[in-house]
Amino acid sequence: MESMVNSAGILFICSERCLLAHSTNSRWSNSWMPPKGRVELGESIEQAAIREVEEEIGWSVRGAFLKDYFDVHYTDSRGRVYKTVRCYVVKIENEDPNENGPMLKSIGGLQKEEVDRIEWCTRDEVRKKALYRWIDPIINAW
């Protein structure tokens, strides 16, 4: 259900690594995930994903890249879903955003209030660094 999606983001994959972001003021282990954020009123899920990536890590993405996705559900202690994040999967040729043609480019730096670091991670690093509910969906996206 589209109306259940509260947040959106993008998982960039380049060969055997994916790009994860660390939220400012979070612990360093088991807290990394793709850049993402809330869908604002009047905004499509795709628009939210593009805007959040631009705001948080300074990468501009064209919407044509956004085809494949997975959803991550946040549940309470009774198993009720209280938040759903749509994460688009974008496979790129080069870890430098500016080396991937006109669909992707770097236009700024990190939004330090939200993200204090980004890293390209292998599957093993994802298992060690990612927030638990994100590990399997990220690994399966390859």
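Me: Which strand holds Lys36?

Reply: This is a predicted model, where local features need pLDDT of at least 70 and side-chain atom pairs count only at pLDDT 80 or more, while totals for chains, interfaces and linings use all residues. Residues are numbered from 1 along each chain as its sequence is written, and side-chain values use heavy atoms, with hydrogens and water left out. Helices (H or I, at least four residues) and strands (E, at least two) are DSSP runs, numbered from the N terminus. The run that covers residues 36-38, and with them Lys36, is strand E3.

Me: Which side chain of opposite charge is nearest to Lys36, and how far away is it?

Reply: Lys36 is buried, where buried means under 20% relative accessible area, exposed over 50% and partly exposed in between (1.4 Å probe, protein chains only). For charge, Lys and Arg count as positive and Asp and Glu as negative, with His and the chain ends not counted.

Me: Which residues does Lys36 touch?

Reply: Contact means heavy atoms within 4.5 Å. Residues up to four places away in sequence are not counted. What remains is Ala8, Gly9, Glu52, Glu56, Tyr74, Lys83, Val85 and Trp134.

Me: How much space lies in the largest pocket?

Reply: On a 1 Å grid over the protein atoms alone, a cavity is a set of points where a 1.4 Å probe fits but cannot get out, and a pocket is an open set with protein on both sides within 12 Å along at least five of seven lines; lining residues have an atom within 4 Å of a point. Grid points are joined across faces, edges and corners, and a volume is the space filled by probe spheres set on the points. For the largest pocket this gives about 190 Å³.

Me: Which lining residues are closest to the centre of the largest pocket?

Reply: The lining of the largest pocket has 13 residues. Strand E2 (17-23), E3 and helix H1 (45-57) each give two or more residues to it. The residues closest to the centre are Ser23, Met33, Lys36, Glu56 and Glu114.

Me: How many residues of the lining of the largest pocket are charged?

Reply: Ala, Val, Leu, Ile, Met, Phe, Trp, Tyr, Cys and Pro count as nonpolar, Asp, Glu, Lys and Arg as charged, and the others, Gly among them, as polar. In the lining, six residues are nonpolar and three are polar. The number of charged residues is four.

Me: What is the relative accessibility of Ser15?

Reply: Ser15 is in the loop between strand E1 (7-14) and E2. Phi of Ser15 is near 60 degrees, a positive value in a residue other than glycine. Ser15 counts as exposed because its relative accessibility is 58%.

Me: What is the relative accessible area of Asn25?

Reply: Asn25 is in the loop between E2 and E3. It is not a glycine, yet its phi is positive, about 70 degrees. Asn25 is exposed, as its relative accessible area is 77%.

Me: How many residues apart in sequence are the parts that Arg123 and Glu16 tie together?

Reply: The side chains of Arg123 and Glu16 meet in a salt bridge (2.5 Å, N to O). Arg123 lies in helix H2 (residues 123-129) and Glu16 in the loop between E1 and E2, so the parts they join are separated in sequence by 107 residues.

Me: Which residue forms a salt bridge with Glu40?

Reply: Glu40 lies in the loop between E3 and H1 and is partly exposed, with a relative accessible area of 43%. The closest N and O atoms of the pair are 3.6 Å apart, and the partner is Arg51.

Me: Which residues do salt bridges that share partners join into one network?

Reply: The whole structure has 11 salt bridges. One of them pairs Glu119 with Lys129, the closest N and O atoms being 2.2 Å apart, and both residues are buried. The network with shared partners consists of Glu40, Glu43, Arg51, Glu52 and Glu55.

Me: Which elements do the buried residues of H3 pack against?

Reply: In helix H3 (residues 132-141), the buried residues are Arg133, Trp134, Ile135, Ile138, Ile139 and Ala141. They pack against E1, E2, E3, strand E5 (69-75), strand E6 (81-91) and H2.

Notes
Salt bridge = Lys/Arg side-chain N within 4 Å of Asp/Glu carboxyl O.
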